[in-house]
Structures are given as structure tokens and as C-alpha cells.
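The sequence and the structure are shown first.

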Amino acid sequence: HFFVASCLQLSFACWLEARSGRSKEAEMQGSGGEAELQITAQVFVGDPPVFDRDVFILWLSNMSVDRASEVRFSERRSAVSQSEAYRRLLKDDTQDQYRTYNLLERFLAKPSLFMVSSPISVSPLVRINMIALYYDIDAGVARQILGKKLESKKECEEAAADTNLNSGYVRRHHENFRRVYKEIMAWLKEKKDNYLAPQGSSSKGVVEVIQSEFQLSPELARKYAVVVFFCKLRLETQRRRLAELEFTHFVSLGNEMMKRWTDPTGLNLDLKFVDRLCQAKEFLGDGGVIGEYHRALAKTGMPRSHLEKLLKALTRVAASLNSGKESRSLLVDLLEKVIEPFRGECGGAGSLAQLLDLLAEVYPTLNVVHKSALEQTREPWVGFLAVVALLARMLGSG
């Protein structure tokens with residue numbers, strides 16, 4: 001696939017004739033004669049650039065033209081393709097394509113603009129493919145950036161060092177995350193300033209906004225939404241205790257938390273949800289409620305004292321969501337205060353995750369005096385337990 005461009009310059013003869021005849025023209029004007037108007041035109045005719053996915057990926061990896069050319073040359077094994085002339089031809093083609101992608105990069109940074117405007121002719125399908133590749137997420141880079149401020153260059157340097165990847169490659173990911181984050185923060189501010197969603201987007205959540213503004217697939221938009229969610233709440237993900245969790249784990253966790261814990265935007269913790277968890281802390285500390293819970297879980301054979309300690313640990317962490325600073329250590333707190341201490345004390349439930357599932361399952365059936373409190377706290381408590389159970393399974397307590 002080679003970019004071919006030809007430039008046809010028309011009327012060279014006319015231009016030269018006009019230049020040499022200027023003196024004659026001046027004489028004619030001086031003598032009252034009419035000057036003949038000479039028109040010079042230049043026409044550029046070019047073939048639309050051919051989008052080579054493989055070369056585009058090499059460009060995205062921040063590989064130099066020379067190195068990319070060598071990679072392409074080494075992939076061609078036939079005798080004909082091994083000639084030096086073919087090597088030079090590949091390098092010229094790579095350089096042409098790199099030049100095209102460099103020209104398009106500022107449009108790729110604004111996908112909604114790129115879909116309607118481009119300095120060169122690119123089909124809509126190619127534009128969509130280019131945007132998808134440009135905004136594709138490297139799981140290793142995302143794992144290192146998750147939960148950070150997305151503001152300093154130091155984050156890029158640290159991520160590049162930790163992943164052993166090209167700094168330019170990491171920088172593009174960081175800029176993509178930062179660009180999406182800023183767009184979503186502006187959207188949230190607009191909603192807050194207007195006390196409701198902007199006209200025409202009242203039913204949109206964060207995933208839909210990212211899809212619309214950045215022309216991304218639903219799956220990719222959800223991943224960016226999770227990154228924004230963790231970075232906005234500043235949830236700690238870089239602690240050594242959480243090192244075994246990969247980006248895909250956080251995507252699953254984030255989706256569950258956003259679905260069960262947040263307001264309609266999908267980013268802010270629902271204040272009613274947090275208040276109900278604080279209410280559940282008091283409710284589940286009642287001896288009668290604990291006794292009813294214990295009877296409902298009789299088949300597990302778990303001692304009441306163990307159940308009481310587990311409920312106390314769970315509600316204490318749940319109540320910390322009411323404090324922005326304390327909630328940042330949510331995942332570490334769940335690991336250190338719930339998962340590790342109780343993973344071996346599950347009785348007949350088999351595993352901690354299965355025990356947590358049982359706690360959620362029997363909760364609505366508890367026959368207690370505080371029936372109204374039970375109804376108010378049911379959905380928040382079950383939603384909280386679902387996330388804790390998911391984390392427990394990811395950390396080997398499933």
C-alpha cells in the first residue's frame with residue numbers, strides 16, 4: 001500500500017510568456033491598448049491515503065520510521081522482497097504514512113471533530129477504526145495510572161518505568177485518559193450548574209457521554225468510565241497488597257460499584273446509598289438482629305461470635321464511604337479488615353464469597369421488629385455485599 005501523489009502544474013508556458021511579456025503589456029497600457037489577462041493555475045491531484053492498520057499500530061507505539069521500516073522489511077520473507085530497492089521503497093512508504101498520521105493526530109485527539117472534518121480524504125469507516133485504535137487501552141499502562149490525579153508528567157514517567165514501555169506510548173495513553181477525564185468533569189459541572197442534565201442529554205450517564213464525545217464502542221467507553229470513576233474518587237489501587245489485581249479486575253469491580261453505588265451519573269456515590277449503609281451499621285449491631293441473622297445462617301455452622309465480628313467489620317468499612325478521605329482506602333480496608341481475617345472462618349459456607357452471598361440472600365427474609373429499617377437498608381446492604389464478594393473471589397477467597 002503506497003501513497004501516490006502527483007502534482008500537475010498547468011500553464012507553465014503561459015506563465016513564462018506572461019512574465020516575458022510584461023514589458024509589452026506595460027507598453028500597451030501606456031499607449032491605451034488593452035492588456036491581455038494571463039491566468040496561472042496549479043492543480044494538486046492526489047490519491048486518498050491508504051490506511052495500513054499495521055503501520056498505524058507501529059506509529060501508535062511511537063516507533064521511529066527507521067525501526068518501523070525494518071520491522072516491515074523483516075516480515076517479508078520472499079527473495080524479491082529482500083532487495084535493497086524494496087527496503088528503500090518500504091521506508092519511503094512508511095515515512096509517507098507517518099507524515100499522514102502526524103497530520104491527523106490533532107484531529108484524533110478530538111474524535112467528534114474528526115468524524116466531520118479532516119485535512120485529507122478519509123472514509124468514515126477508516127476514521128472509526130483509527131479512533132478505536134488511537135483510544136484503545138493498554139491494560140498494563142492503565143493499571144499503573146488507575147486512581148491517580150492524571151495531572152503530572154511524573155505519572156507518565158513512573159508508568160513508563162514500571163511497565164518498561166516507550167515513554168511516548170505511555171504519554172499518549174495518559175493524555176487520552178486525561179482528555180476523557182476533563183470532558184467528563186466539565187459535563188458533571190454543567191449538570192451541577194444547571195441542577196439537571198443539559199438539554200438533550202438528560203438520560204445520559206457517563207458511559208453514553210464518553211461514547212458520544214469520543215466515538216468509542218460501548219465496551220471501550222465503559223473501561224474509560226471506570227478509569228474516570230477510580231480517579232475521581234481517588235480510590236487507592238497502587239498499594240502492594242493489591243498488586244495481584246489486574247486492570248480487568250478493576251474494570252469488573254468498577255462496573256459493579258458504578259451500577260450499585262452511584263447516582264444516575266454513574267460517578268458520584270449516591271448520598272442515600274451511603275446514608276442507608278450508615279443506618280445499617282446501627283441496625284446490624286443490634287443483638288436481636290444478629291441473633292435472627294445467625295438462625296437464618298444455621299446451616300453454615302458458623303459460630304455467632306464469628307458472625308458478629310464479620311458484620312462489625314463489614315459495616316465499619318461500609319460506613320467509611322461517608323468520608324471522602326477514608327473511602328480512598330476502601331479496597332485495602334476490605335482486604336485487611338474483612339477478607340484476610342475471615343477467609344478461613346466461613347463454616348459450611350465453603351468460602352468467604354459464598355458466605356457473603358448468603359448474607360445478602362437471607363437479609364430480606366429476616367423476621368425482625370425493625371421492618372421499615374430492613375426495607376430501607378436492603379438494597380444498599382445487598383449492593384455493598386455484592387462488591388465485597390466479587391473482590392473476595394478475585395483475591396482467591398471465592
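## Burial and overall make-up

A residue is called buried when its relative accessible area is under 20%, exposed when it is over 50%, and partly exposed in between. Thr377, at 0% relative accessibility, therefore counts as buried. The model discussed here is a predicted one.

The protein chain has 398 residues, and buried residues make up 42% of them. Its secondary structure comes to 20 helices and two strands. Among contacts between residues at least 6 apart in sequence, 69% join residues at least 24 apart.

## The nonpolar core

How many residues does the largest nonpolar core have? The core has 114 residues, and those with the most contacts inside it are Ile184, Ile210, Tyr293, Leu314, Trp381 and Phe384. In soluble globular proteins, nonpolar side chains tend to be buried together.

Leaving aside residues up to four places away in sequence, Phe384 touches Trp261, Leu277, Leu314, Val317, Ala318 and Leu334. Leu314, one of these partners, is itself listed with the residues that have the most contacts inside the core.

Thr377 is placed in helix H20. Beyond residues up to four places away in sequence, the contacts of Thr377 are with Arg276, Gln279, Ala280, Phe283 and Tyr363. Thr377 and Asp275 are separated by 102 residues in sequence, while their C-alpha atoms are 9.1 Å apart in space.

Setting aside residues up to four places away in sequence, His174 touches Ile145, Leu150, Glu151, Ser152, Glu155 and Cys156.

## Helix H19 and its neighbours

Helix H19 is mostly covered, with eight of its eleven residues buried. The buried residues are Leu352, Ala353, Leu355, Leu356, Leu358, Leu359, Ala360 and Val362. Against which helices do the buried residues of H19 pack? They pack against helix H15 (287-296), helix H16 (304-319), H18 and H20.

Arg393 forms a salt bridge with Asp357, and the closest N and O atoms are 2.4 Å apart. This pair links distant parts of the chain, since Arg393 lies in helix H20 (residues 371-394) and Asp357 in helix H19 (residues 352-362), 36 residues apart. Arg393 counts as partly exposed at 37% relative accessibility, and Asp357 is partly exposed as well, with a relative accessible area of 32%.

## Other salt bridges

The count of salt bridges comes to 17. In one of them, the side chains of Asp66 and Lys91 meet with an N to O distance of 2.9 Å. Asp66 belongs to helix H4 (residues 65-74) and Lys91 to helix H5 (residues 84-108); the two are 25 residues apart, and the pair links distant parts of the chain. At 45% relative accessibility Asp66 counts as partly exposed, and Lys91 counts as partly exposed at 35%.

Asp333 is buried, with a relative accessible area of 13%, whereas Lys337 counts as partly exposed at 41%. Elsewhere, Asp52, Arg72 and Asp93 are linked in a network of salt bridges.

The structure holds one cavity of 30 Å³ or more. About 30 Å³ of space lies in the largest cavity. Which residues line the largest cavity? The lining consists of His294, Leu297, Ala298, Thr300, Met302 and Leu307.

Technical notes. Residues numbered from 1 in each chain as written. Predicted model: local features only at pLDDT ≥ 70, side-chain atom pairs only at ≥ 80, totals over all residues. Heavy atoms only, no water. Core = buried A, V, L, I, M, F, W, Y, C linked by side-chain atoms within 4.5 Å. Buried < 20%, exposed > 50% of the residue type's maximum accessible area, 1.4 Å probe, protein only. Contact = heavy atoms within 4.5 Å. 1 Å grid on protein atoms, 1.4 Å probe; cavity = no way out; pocket = protein on both sides within 12 Å on 5 of 7 lines; lining within 4 Å. Points joined across faces, edges and corners; volume = space filled by probe spheres on them. Salt bridge = Lys/Arg side-chain N within 4 Å of Asp/Glu carboxyl O. Helix = DSSP H or I, 4+ residues; strand = E, 2+ residues; numbered from the N terminus.
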